Amino acid sequence: MPQYPIGSVDRALKLILLLGEQPRLRLTDAAEHLAVASSTAHRLLAMLQYRGFVRQDPVSKAYYPGPALMSVASSVFNRLDIEDAATPVLRRLSEHLRESVHIGMIEGAHVRFIAAAEGPTAVRVASRLGRTMPAHCTSTGKALLARLSEAEVARLYPDEELERVTAHSVGTRTELQRELSRIRQQGYAVNREGSEDGVASVAVPIPTRASGVLLALNAAAPVHRLSPSRHRAVAALLVEAAKEIGDRIG
């Protein structure tokens with residue numbers, strides 16, 4: 001404890017830490033966690049909302065991480081040496097599969113690819129390192145969206161009609177929710193020409209000990225080299241590599 005503690009600052013920081021432990025925060029939860037009156041908790045949350053560290057759902061009145069908090073988390077996350085830690089595993093996996101592999105992270109309704117290893121063959125899927133794509137149009141994005149609740153997905157996609165990147169992209173929120181339900185059951189996501197004509201991919205989540213860090217690993221190939229009969233076997237290899245990457249990242 002510092003020599004001159006500031007109680008209000010300490011309580012606000014406790015609320016931010018609490019948001020890292022649970023998906024949403026209600027006023028009663030905040031008051032109970034801080035052992036303060038609801039009015040005090042409300043004032044703290046109002047100030048965090050004013051600075052963008054939380055946002056309040058207008059219907060449920062629950063609080064969620066806000067854009068300022070997500071920006072800070074993303075900036076810190078980007079400084080983590082994920083690419084260096086994951087590169088040996090990605091290269092080994094790429095050589096084994098003979099295909100390109102990527103790591104992606106969720107950014108709202110989009111996925112950004114933060115590490116990659118291109119396949120060794122002449123005809124291959126080019127690296128998407130640094131690119132940002134609609135999450136519902138990629139296997140990586142769908143593997144990450146499947147880790148969210150249906151309510152959280154609905155908040156990311158308030159409209160029924162979704163943007164299509166190709167004719168094979170998921171086109172409605174209803175269709176997306178059905179696909180995410182299948183992904184949760186089978187443990188991996190599949191994309192066949194949903195983000196790019198002629199490209200298929202399989203993706204799995206990367207388990208990490210860091211709270212709130214959502215990463216996924218994919219293998220992408222020309223569609224004729226990644227038939228549906230190979231999906232499960234490729235997913236099994238991805239799960240092994242994802243666990244090793246998660247252990248390396250911490």
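The structure is a predicted model, in which local features need pLDDT of at least 70 and side-chain atom pairs count only at pLDDT 80 or more, while totals for chains, interfaces and linings use all residues. Residues are numbered from 1 along each chain as its sequence is written, and side-chain values use heavy atoms, with hydrogens and water left out.

The protein chain is divided into domain 1 (7-73) and domain 2 (80-249), with bounds that come from an automatic or database domain assignment. Between the C-alpha centres of domain 1 and domain 2 the distance is 31 Å. An unreviewed UniProt entry lists residues 6-67 as "domain: HTH iclR-type", an annotation of a kind that may be inferred rather than shown by experiment. This span is 56% helix and 10% strand, and its end C-alpha atoms lie 25 Å apart; helices (H or I, at least four residues) and strands (E, at least two) are DSSP runs, numbered from the N terminus.

Valine 101 is placed in strand 3 (residues 100-107). With a relative accessible area of 0%, valine 101 is buried (under 20% relative accessible area, with a 1.4 Å probe and protein chains only). When neighbours within four places in sequence are left aside, valine 101 is in contact (heavy atoms within 4.5 Å) with Leu90, Leu93, Ser94, Ala115, Ala116, Ala117, Asn218 and Ala219.

A search of the whole structure finds two cavities of 30 Å³ or more, a cavity being a set of points, on a 1 Å grid over the protein atoms alone, where a 1.4 Å probe fits but cannot get out, and lining residues having an atom within 4 Å of a point. About 50 Å³ of space lies in the largest cavity, whose lining is made up of Arg128, Thr138, Ser139, Thr140, Asn191, Ser195, Val199, Ala200, Ser201, Asn218 and Ala220. Two or more residues of this lining are given by each of helix 6 (139-145), strand 7 (199-206) and strand 8 (215-222), and strand 7 gives the most, with three residues. By class, the lining of the largest cavity has three nonpolar, seven polar and one charged residues.

The second largest cavity holds about 30 Å³ of space and is lined by Leu97, Glu99, Ala219, Ala221, Leu226, Arg230 and Val234. The lining of the second largest cavity divides into five nonpolar, no polar and two charged residues.

Notes
Buried < 20%, exposed > 50% of the residue type's maximum accessible area, 1.4 Å probe, protein only. 1 Å grid on protein atoms, 1.4 Å probe; cavity = no way out; pocket = protein on both sides within 12 Å on 5 of 7 lines; lining within 4 Å. Points joined across faces, edges and corners; volume = space filled by probe spheres on them. Nonpolar A, V, L, I, M, F, W, Y, C, P; charged D, E, K, R; others polar.
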